[in-house]
Amino acid sequence: MIKNESQVAVIEGKWEDGRNLSVKSLFDFVCDLRFESQHAFHYEMFNNGAAFQEILPRMCETANIRNIYIAAHGDRDGIYGSSGEAISFTRIKNAVKAINDTKGQLHSLYFGCCLFGQSQNMQELLEESEQLRWIAGYTKSISFVDSTVLDALFWQQYFNFPDSTPLSRIVSVYDRLKSDAPGLIKRLGFKVVVRDHRRTDQVYELV
């Protein structure tokens, strides 16, 4: 069995019929650079809401998965599976809530989807699972190329802080991104919402 050195699971909805677009090549590239292996992450595709609800808690029970990257078409109210089926915010929330019933140690969800990363969406999802420490996403319609560039910068930096706590790690990465790619962050509406038990307002948006 190949060890998941990156501690990342990528779950993806198919993008376009007849086209070979996939974020898998992004993680192949970044993991090959960082871990000298294209097998340093877990990858699956999801077709519909039922598959999404099955995959998410199952990934949380998988050894050595701390972060889940969700790649799909999206809007403010949900995301879409490979079949084109809309997966509503309520259904996503129920899948996130099911994480609480697992014995995993999931730290984060990252939505590589257009429009879904509204602060209200992410705050509500973060409040559903005590396991989660942060959720990231995009508030605007995003191009595949632009978002892939920002995602590559994000994960390359994330892998540079393996010994940090989940909270300090994401703060360090976000601070670096704000310095290196402020234009992309603004244009794509990239947001990160975190949980900090030391604060009165435990769930808040990084600014």
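**The open sheet of three strands**

Mentor: Three strands make an open sheet in the order E4-E5-E6, and their pairing is antiparallel. Strands here are DSSP runs of type E with at least two residues, helices are runs of type H or I with at least four, and both are numbered from the N terminus. Two strands count as paired if DSSP finds at least two bridges between them. The edges are strand E4 (74–75) and strand E6 (86–88); each has a single partner strand, so one side of each lacks a neighbour in the sheet.

The model is predicted: local features need pLDDT of at least 70, side-chain atom pairs count only at pLDDT 80 or more, and totals for chains, interfaces and linings use all residues. Numbering starts from 1 along each chain as its sequence is written, and side-chain values use heavy atoms, with hydrogens and water left out.

Now the pairing in detail. Two bridges join E4 to strand E5 (residues 78–80) in the antiparallel sense. Asp 75 has Gly 78 in E5 as its bridge partner. Helix H3 (residues 89–98) lies across E5 and E6, at about 65 degrees to E6. Axes are lines fitted to C-alpha atoms, for helices over the stretch in contact, and angles run from 0 to 180 degrees between N-to-C directions.

Take Gly 74, which sits in strand E4. Is Gly 74 buried or exposed? Gly 74 has a relative accessible area of 15% and therefore counts as buried; buried means under 20%, exposed over 50% and partly exposed in between, with a 1.4 Å probe and protein chains only. Beyond its neighbours within four places in sequence, Gly 74 is in contact (heavy atoms within 4.5 Å) with Ile 79, Tyr 80, Cys 113, Cys 114 and Leu 115. Met 45 is 29 residues from Gly 74 in sequence, and their C-alpha atoms are 15 Å apart.

Next, the other sheet of seven strands. This sheet is open and mixed in pairing, with the order E2-E1-E3-E7-E8-E9-E10. Strand E2 (42–45) and strand E10 (203–205) stand at its edges with a single partner strand each, so one side of each has no neighbour in the sheet. On average, neighbouring strands of this sheet are turned by 15 degrees against each other, direction ignored. Strand E8 (residues 134–138) and strand E9 (residues 190–195) run antiparallel and are joined by five bridges. There, Tyr 138 stands opposite Phe 190 in E9. Helix H4 (residues 119–126) packs on the sheet, touching strand E7 (108–112), E8, E9 and E10, and its direction makes about 25 degrees with that of E9. Helix H5 (residues 144–158) also packs on this sheet; it touches E1, strand E3 (67–71), E7, E8 and E9, at about 160 degrees to E8.

Finally, the whole. The protein has seven helices and ten strands. Its C-alpha atoms fill a box of roughly 45 × 40 × 35 Å along the principal axes. Of its 207 residues, 51% are buried. Among contacts with a separation of 6 or more, 73% join residues 24 or more positions apart. The accessible surface is about 9800 Å², with 48% belonging to carbon and sulfur atoms; areas come from the Shrake-Rupley method with a 1.4 Å probe, and for residues only the protein chains shown count as cover.
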